[in-house]
Amino acid sequence: MIKLYEKGAYLLNGTELIEENEEAAAIMEQKFGGQIVDKKEAAKGTMAYRILEAHNTSGNMDKLKIKFDKLTSHDITFVGIIQTARASGLDKFPIPYVLTNCHNSLCAVGGTINEDDHMFGLSCAKKYGGIYVPPHQAVIHQFAREMLAGGGKMILGSDSHTRYGALGTMAVGEGGPELVKQLLSQTYDINMPGVVGVYLTGKPQKGVGPQDIALAIIGAVFANGYVNNKVMEFIGDGVANLSVDYRIGIDVMTTETTCLSSIWTTDDKVKEFYEIHKRPEDFEELAPKNVAYYDGLVYVDLSTIKPMIAMPFHPSNVYEIDELNANLMDILDDVEKKAKVSLENNDVNFTLKDKVHNGKLYVEQGVIAGCAGGGYENICDAADILRGKFIGNDEFSLSVYPASQPVFMELVKNGRVADLMETGATIRTAFCGPCFGAGDVPANNGLSIRHSTRNFPNREGSKITNGQIASVALMDARSIAATAANKGYLTPATDVDVEYTKPKYFFDSTIYENRVYNGVGKADPSVELKLGPNIKDWPVMCALTDDVVMKVVSVIHDPVTTTDELIPSGETSSYRSNPLKLAEFTLSRKDPAYVGRAKEIQNAEKARVAGEDINAANPEIKTVFDQIRAKFQVDPAKTEIGSLIYAVKPGDGSAREQAASCQKVLGGMANIAKGYATKRYRSNLINWGMLPFVLDEDALPFENGDFIFIKDIKKAVEQKADVIKAYVVGKDMKEFELRLGDLTDKEREIILKGCLINYNRK
């Protein structure tokens, strides 16, 4: 059972919940001998408040300016981050910055360019004083758990699943520019976030794993935005019933709720984790104060959660596996109807009903991988289920990726790798590929069950615009193993009679000591950076002009647009270090005509900046300005010309800044949306100098291909205007209203300057 409180809740002494309602004030007075309990003061009793207060430099807890303790990135993001920081005057890394290599680690396509990125990273670690983790050593988040996390600390990562709350660390996944600010000794500026309690009680059923709990929570809170941009604080007597590996498995998936961060109470089990990893000094006991107020509360009875499955194409599309098996055709019909929204305007024939064989759902592939699935306990339990069984020699396959070399080593030593290999499963090194579409791509029309983080369209690597379609369903490693033991027929782990052996974990630190370069405090300015031919600087970007003209070049009506749809992951990842090359893939899986349209209007802006004839560069522009000048005084030579996209709710998913920067590189000036799915995507837009407009109207006042004119936009940003008048260019110059929402003074200055690089340029 999962219950969402309608309002907030008080937690007393870590155990007693009092729901906020008409009787709550009287109950609290009675509890405290007639003393009135101030809600605002009680909100300071959360663990989140304590950690944020310790890292806030503003002196104002309503307007936070956070400095993080450590940073972490991987090889899809760190090149762009460091290039941005270099352009802004980077001298050395002011805090520990870890560069892991777990996304492009296979170096499978693009010639030398992937390894060039790795060598660039190593040279940066030497020059600026960072930590470099070579390919195949660990996925980014496992290394952070093993070597970076600390009680009461804060870590910022350029990957959306930067979540170490189970270890007592508040971690945030953001776009690269936010890390750039930290590298330049600037701050992470946000309003004080709401804090939602997640009260765990009871004990999970045998066979129910952390992914099952996580999916159940995601299903309860995603669509209604219950924890959107808030901190999830895990509390309750049920926490003690979970191992640390289990807590980590739930925690990493909090990203899929669209929360800002997470934090858990810590105990002796967490203390033992730090001792095992030879860092006992990093443990800190964390618990709410005797009185703590939460802005909302998710009540989870762990004993009621059953094995879950998130059907394509979102982690919130959840069902109990038993429910799915009992109502196969009805649920598959519903899944196919939901999928049509994501697959609109693509010429693919999507169905899962052909997977039903003799009344059972057959899947072609199982994958246990990455920061969510590749943990020690997940793989040991999967091995126990599969021991002595065989996955068969038909279409079904199973691959397992331990999350780090130390985990892999221990699985080899205790025989679990041999147990799995005997079944027909294959064991791989630490790699994030199956989580972002660069590994284990199924056959066309295939269905893959994965203990990984996401199952968006194309997340498994297929290309819908090429007529390819495959599907990912998210499941826990235990039920994946049970399905594998049943040779591909969907089976919950609770149906399997198995004795889980739970072997003790021994961490071998020498693996990292022998291979990881640690240059913290040893910056060497004499080191020359290794810049491969694909590593390019960001193009020059202009400051915002007084007035702007923007062409609508894409209109997306999906309820939610993911960052994978804005800029595909997978095979494009090799080009992340080349802004112009990567931009060619923008919206390629959602609106293949976007790049061409954006470039056409960008030609006019390039001509304007160069002082050339804008009419010759784009024949539409003369008519556009003629219609504008019939009503307004405007100088085309001093008016920025660009493109914009409209999407209902863009930005769910990855923290990759390229979802915004690629639009900017192609001349993008703005997004218009009903709302933004995540803070991190909106922040990426702002840091690349793009206007994050919000449109309140239900009916669009413009169409794809229309031009939008905004008079005095620079003044509106400077003067913090609440409402901005915009005009659809035409004979009648139809007026409508946009909003920019809450912006900090720094964010306004970044937009005015044209991007974060310009803001920081010396």
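Helix α8 covers residues 210-221, and its 12 residues should span 16 Å at 1.5 Å a residue; the end C-alpha atoms lie 17 Å apart, which agrees. The expected span is 1.5 Å times one less than the number of residues in the helix. Helices (H or I, at least four residues) and strands (E, at least two) are DSSP runs, numbered from the N terminus.

The model described here is predicted: local features need pLDDT of at least 70, side-chain atom pairs count only at pLDDT 80 or more, and totals for chains, interfaces and linings use all residues. Residues are numbered from 1 along each chain as its sequence is written, and side-chain values use heavy atoms, with hydrogens and water left out.

## Buried helices

Helix α8 is mostly covered, with 10 of its 12 residues buried. Here buried means under 20% relative accessible area, exposed over 50%, and partly exposed in between (1.4 Å probe, protein chains only). The buried residues of α8 include Pro210, Gln211, Asp212 and Val221.

Helix α6 is largely enclosed by the rest of the structure, because 7 of its 8 residues are buried. These buried residues are Ile140, His141, Gln142, Phe143, Ala144, Arg145 and Glu146.

## Strand pairing

Two strands pair if DSSP finds at least two bridges between them. An open sheet of 6 strands has the order β9-β8-β5-β6-β7-β25, with mixed pairing. Its edge strands are β9 (170-173) and β25 (517-518), each of which pairs on one side only. Within this sheet order, β5 (residues 70-73) and β6 (residues 97-100) run parallel and are joined by 3 bridges. Leucine 71 stands opposite tyrosine 97 in β6.

Strand β21 (residues 397-400) has parallel pairings with two strands. It is joined to β20 (residues 365-368) by 4 bridges, and isoleucine 368 stands opposite valine 400. With β22 (residues 426-427), β21 pairs over 2 bridges, and there valine 400 stands opposite isoleucine 427.

## Cysteines

A disulfide is a covalent bond between the sulfur atoms of two cysteines. Taken as a pair of cysteine sulfur atoms within 2.5 Å, the disulfides in this model number 0. The sulfur of cysteine 102 has its closest cysteine sulfur in cysteine 432, at 3.6 Å, which is too far for a bond. Cysteine 662 is likewise in no disulfide, since the nearest cysteine sulfur, that of cysteine 755, is 14 Å away. Cysteine 102 counts as buried because its relative accessibility is 0%; cysteine 662, at 1%, also counts as buried.

## Cavities and pockets

Rolling a probe the size of a water molecule over the atoms shows where empty space is left. On a 1 Å grid over the protein atoms alone, a cavity is a set of points where a 1.4 Å probe fits but cannot get out, and a pocket is an open set with protein on both sides within 12 Å along at least five of seven lines; lining residues have an atom within 4 Å of a point. Grid points are joined across faces, edges and corners, and a volume is the space filled by probe spheres set on the points.

There are 9 cavities of 30 Å³ or more.

| Space | Volume |
|---|---|
| Largest cavity | about 180 Å³ |
| Largest pocket | about 820 Å³ |
| Second largest pocket | about 530 Å³ |

The largest cavity is lined by 17 residues, and His103, Asp159, His161, Phe436 and Arg459 lie nearest its centre. By class, the lining has 6 nonpolar, 7 polar and 4 charged residues. Ala, Val, Leu, Ile, Met, Phe, Trp, Tyr, Cys and Pro count as nonpolar, Asp, Glu, Lys and Arg as charged, and the others, Gly among them, as polar.

The largest pocket has 32 lining residues, of which Ile190, Asn191, Lys679, Arg682 and Asp742 lie nearest its centre. The elements giving two or more residues are β4 (63-66), β10 (188-191), α26 (679-687) and α28 (745-753). The largest share, 4 residues, comes from α26. This lining divides into 10 nonpolar, 10 polar and 12 charged residues.

In the second largest pocket, 26 residues form the lining, with Ser243, Asp245, Tyr376, Glu377 and Tyr505 nearest the centre. Helix α6 is among the elements that each supply at least two residues, while α14 provides the largest share, 5 residues. The lining holds 11 nonpolar, 6 polar and 9 charged residues.
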